[in-house]
Amino acid sequence: MHDTDFRMARRALLAALGAGGLFLPVAARAQFGGLGGLGGSALGGGLTGLLGRASDSALDKLSQPGAFYNDQSIRILLPLVGGGLGGSGGGGLGGLLGQALDAGDKLGVTDGITRRINDAAGHAAKAAKPVFRTAIDKLTVSDVPGIVKEGDGATQYLRRSAGDTLAVQVRPLIDSALGDVGAYRQLDQLNRSSRLVAAAGLTHEKLGHSVTEQAMSGIFKYMGAEERKFRADPVGPAGSLLKGVLGGS
């Protein structure tokens, strides 16, 4: 694409963005379409590529041993009474349970169940790469200006548009991983040996749901960070096009 043609297509695209739609002139669609651009009903090649790279990079990082557990901003905690997320703070039975399990982890008597559920999330993150890629490929656009103007706009849009569906698809991966790392077995042992744990009603279903919910939040947090990084320094032909569209140098 020549510089003059690119500038014309870019102006047309930005005009369309300002109108809140994807209704580009035919010539502009042709220019951007050559790189899988923004002229169709599916998320265009530049943004699809950005989101796909952000997804792959985030999931690769989270699949590394200890990734969830070592980052306290996304560390997965045990669900407490009533289905709430984990943590040792708070009062009542939930707070007591959290404190007891935290202490048990440190003493080795709970066989590190908190670490196990975080390891399970990491295993599931690795297996989830094709699930996220498929969702990205199927994504359609109704908020292009929002995607463009926010540093993690594409990630936010994916979460709003497909987050619930992704969670449903990731849940079996979480359940399988929780079984593989022994978290469900350990939970059963704790339910048999601790009246406090048994009284909290911490079932396989509650644990799987909570770990999935927390893992998805961590994944989207990392995806957003990767998207910002790629926006700041996109690479490759599609990345160069995207940088121009987003107003970079």
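Entry 1. I began with a definition: an axis is a line fitted to C-alpha atoms, for helices over the stretch in contact, and the angle between two axes runs from 0 to 180 degrees between N-to-C directions. I note that the model I consulted is predicted.

Entry 2. I looked up how helix α6, residues 113–127, packs with helix α9, residues 153–180. I found an angle of about 135° and axes 8 Å apart. The two helices are therefore oblique to each other. I also recorded that α6 passes α9 in a right-handed crossing.

Entry 3. Which residues make the contact of α6 with α9? From α6 I listed I117, A120, A121, H123, A124 and A127. From α9 I listed L173, I174, A177 and L178. Sorted by class, this contact has nine nonpolar residues, one polar residue and no charged residues.

Entry 4. I then turned to A127, which lies in helix α6.

Entry 5. Finally, I examined helix α7, residues 129–138, and noted V131, F132, A135 and I136 as its buried residues. Seen down the axis of α7, these buried residues fall within an arc of 130°, so they line one face of the helix. On the other side of α7, I found P130, D137 and K138 exposed.

How values were computed. Residues numbered from 1 in each chain as written. Predicted model: local features only at pLDDT ≥ 70, side-chain atom pairs only at ≥ 80, totals over all residues. Heavy atoms only, no water. Helix = DSSP H or I, 4+ residues; strand = E, 2+ residues; numbered from the N terminus. Parallel < 35°, antiparallel > 145°, perpendicular 65-115°, else oblique. Left-handed = near helix turned anticlockwise from the far one by under 90°. Contact = heavy atoms within 4.5 Å. Nonpolar A, V, L, I, M, F, W, Y, C, P; charged D, E, K, R; others polar. Buried < 20%, exposed > 50% of the residue type's maximum accessible area, 1.4 Å probe, protein only. Arc of directions from axis to C-beta.
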